[in-house]
Amino acid sequence: MKRSLVNRSAALLVSLVLAASGALLTTGCSPAGPGSGGSERADGRGGGSPAPRIGGPGRPGRTAAERAYRDLLDHGPDAKILTAAHRGQWRSAPENSLRAFEAAFADGAELVETDVRTTRDGVLVLMHDPTVDRTTDGTGAVADLTWAQLGRLRLREGLGGGRAAVTGERVPTLEEAMEVARDRGLVNLDKGWAEREAVWDVLTRTGTVHNGLFKSDAPVAEVEEFLAAHPRALYMHKITDAGIGDVERFGDDRPVAYEVTFDSVQDAVARRPFLDALARHSRVWSNTMGNGLSDHMTDEASLTDPLRGWEALARGFRTTVFQTDDAEKVESWLRSGEGDPVPRGAVRVQAEDFRAGEGTGYHDDDAANRGGFGMRPGEGVDVGDVDGNVRVSWMRGGEWLTYDVDVPRTGTYALSARVSSTYSPAGTYTVSFDGGEESERVAVRNTTSHAKEVLQPGGVRRRLTAGHHVLKVSLPTGVPQNWNLDYLQLVPVRG
């Protein structure tokens with residue numbers, strides 16, 4: 001298990017909140033109630049299905065989108081917990097691409113969060129940034145480009161960046177995206193409030209009014225005017241302590257959800273009585289992509305221990321919608337209770353658990369910990385923390401690390417590494433066991449973010465006997481090295 005020293009005070013307060021409130025959501029099977037579907041499957045096709053460990057099984061419906069719509073409107077005690085994929089499943093396709101939408105829904109997300117901007121000639125397109133520079137092979141502001149110009153650009157892999165590979169995917173229009181979502185799920189329309197009338201026109205034209213979720217922190221009077229003119233619109237309001245008064249201003253006309261953001265559990269919007277009041281009439285939506293969104297209760301913290309993230313939010317902060325960069329992991333956690341489980345029979349070695357001693361357990365080029373995380377004082381390996389992920393950073397040629405590995409059974413094991421980098425090439429490493437021959441060099445691939453880790457196969461297989469081994473990871477000189485290592489994993493394979 002990964003050790004974590006991150007945000008002790010917040011973690012302690014979360015524990016106290018859980019203990020004081022007795023905050024247990026549905027565990028195991030949810031009691032059947034109105035709209036729960038009884039023995040009907042959550043997908044509306046009849047028959048039994050495994051009950052989620054947390055939250056209810058969801059409402060029945062003809063399509064996935066219909067079920068998601070009904071679930072979003074449900075804020076009862078057995079409401080299903082929903083997953084919103086941040087910019088789609090960008091780990092499988094370029095962010096905000098049609099393929100990212102398709103992959104997110106295929107991975108179990110009920111919603112896709114996306115970003116809406118307008119071209120010079122008034123076409124609504126999906127783009128997070130004001131410019132196309134980061135995510136495409138072009139340059140310039142979206143507002144200065146025509147749709148014809150934008151249509152000639154191609155999206156970069158993942159979260160983009162100048163070193164990310166260019167794909168064959170192009171920038172989608174909002175209309176195209178809503179057509180993809182029509183039967184598959186809902187779309188959280190970020191950055192689109194200023195163009196809400198044009199967005200509404202797209203939703204009505206495509207027959208996807210019940211698929212689109214508007215969002216803003218606009219003045220309540222402005223929101224109410226829009227909703228009065230468009231009574232079928234779904235709307236979520238964003239609140240922090242600065243806007244906490246908006247909840248009272250809505251009165252009995254409550255939004256379907258509130259996106260609650262707090263950088264400290266001491267914030268007024270994070271206090272349990274306030275959240276209890278919200279949850280009686282609306283969904284509570286939490287963002288878990290980074291530290292400042294839900295006070296260090298992040299995706300990365302959740303992968304190590306869900307009680308540091310998703311589970312703490314669900315049980316102690318009334319969260320029933322998670323916006324996440326790990327949609328498939330959230331879906332798995334809801335049923336298993338585990339964040340990033342070790343595969344059966346596998347061995348996982350956390351990067352920060354290297355053997356002690358400069359020159360014997362490791363070699364680092366400088367004596368200081370440039371990662372800035374005081375986990376192993378007096379040792380020079382660059383251990384850092386990013387959004388709850390404790391990893392070794394500042395990897396440089398000529399450095400090496402050794403690890404104690406206890407193999408449960410004799411057999412052949414395949415090695416993989418959970419890494420991150422925005423560089424191409426990102427780096428290279430070799431591995432050896434018990435002082436033996438080094439493996440061939442393994443290339444670390446660009447993950448398009450230094451903060452977002454990806455498990456990459458190493459292509460290295462070794463037959464290991466049951467018992468103790470010493471694993472050495474070496475970084476060759478003379479090649480670029482700029483990557484981060486979260487953990488190494490050995491998984492049993494045949495042959």
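Mentor: Two strands pair if DSSP finds at least two bridges between them; helices (H or I, at least four residues) and strands (E, at least two) are themselves DSSP runs, numbered from the N terminus. The model is predicted, so that local features need pLDDT of at least 70 and side-chain atom pairs count only at pLDDT 80 or more, while totals for chains, interfaces and linings use all residues. Residues are numbered from 1 along each chain as its sequence is written, and side-chain values use heavy atoms, leaving out hydrogens and water.

Trainee: Why is strand 20 described as largely enclosed by the rest of the structure?

Mentor: Buried means under 20% relative accessible area, exposed over 50%, and partly exposed in between (1.4 Å probe, protein chains only). Strand 20 covers residues 484–493, and it is largely enclosed because the number of its 10 residues that are buried is 7.

Trainee: What percentage of the residues in the chain is buried?

Mentor: The chain contains 12 helices and 20 strands. Among its 495 residues, the buried share is 55%.

Trainee: Over what arc do the buried residues of helix 6 lie?

Mentor: In helix 6 (residues 196–206), the buried residues are Arg196, Val199, Trp200, Val202, Leu203 and Thr206. The arc, taken from the directions from the helix axis to the C-beta atoms, places these residues on the same side of helix 6, because it spans only 160°.

Trainee: Which residue just after helix 6 takes a positive phi?

Mentor: The cover of the buried residues of helix 6 includes strand 2 (111–118), strand 3 (124–126), helix 5 and helix 7 (220–229). Just beyond helix 6, the residue with a positive phi of about 65° is Gly207.

Trainee: Which residue with a positive phi follows helix 12?

Mentor: Helix 12 (residues 327–336) has Ala327, Val330, Glu331, Trp333 and Leu334 buried. These residues are on the same side of helix 12 because their arc around the axis is only 160°. Their cover includes strand 1 (82–86), helix 11 (310–316) and strand 9 (321–324). The residue that follows helix 12, with phi near 85°, is Gly337.

Trainee: Which residue in strand 8 stands opposite Glu259?

Mentor: In strand 7 (residues 257–260), Ala257 and Glu259 point one way, Tyr258 and Val260 the other, and all are buried. Strand 7 runs parallel to strand 6 (residues 234–239) over 4 bridges, and Lys238 has Glu259 as its bridge partner. Strand 7 is also parallel to strand 8 (residues 283–287), with 3 bridges between them. The residue opposite Glu259 there is Trp285.

Trainee: What is the hand of the unit made by strand 7, helix 9 and strand 8?

Mentor: A crossover is right-handed if, with the strands pointing away from the viewer, the path from the first strand over the helix to the second runs clockwise. For this β-α-β unit, in which helix 9 covers residues 272–279, the hand is right-handed.

Trainee: Why does Ser286 count as buried?

Mentor: Ser286 lies in strand 8. Beyond four places in sequence, Ser286 touches Ser294, Leu313, Thr319, Val321, Phe322 and Gln323. Ser286 counts as buried because its relative accessibility is 2%.

How values were computed:
Contact means heavy atoms within 4.5 Å.
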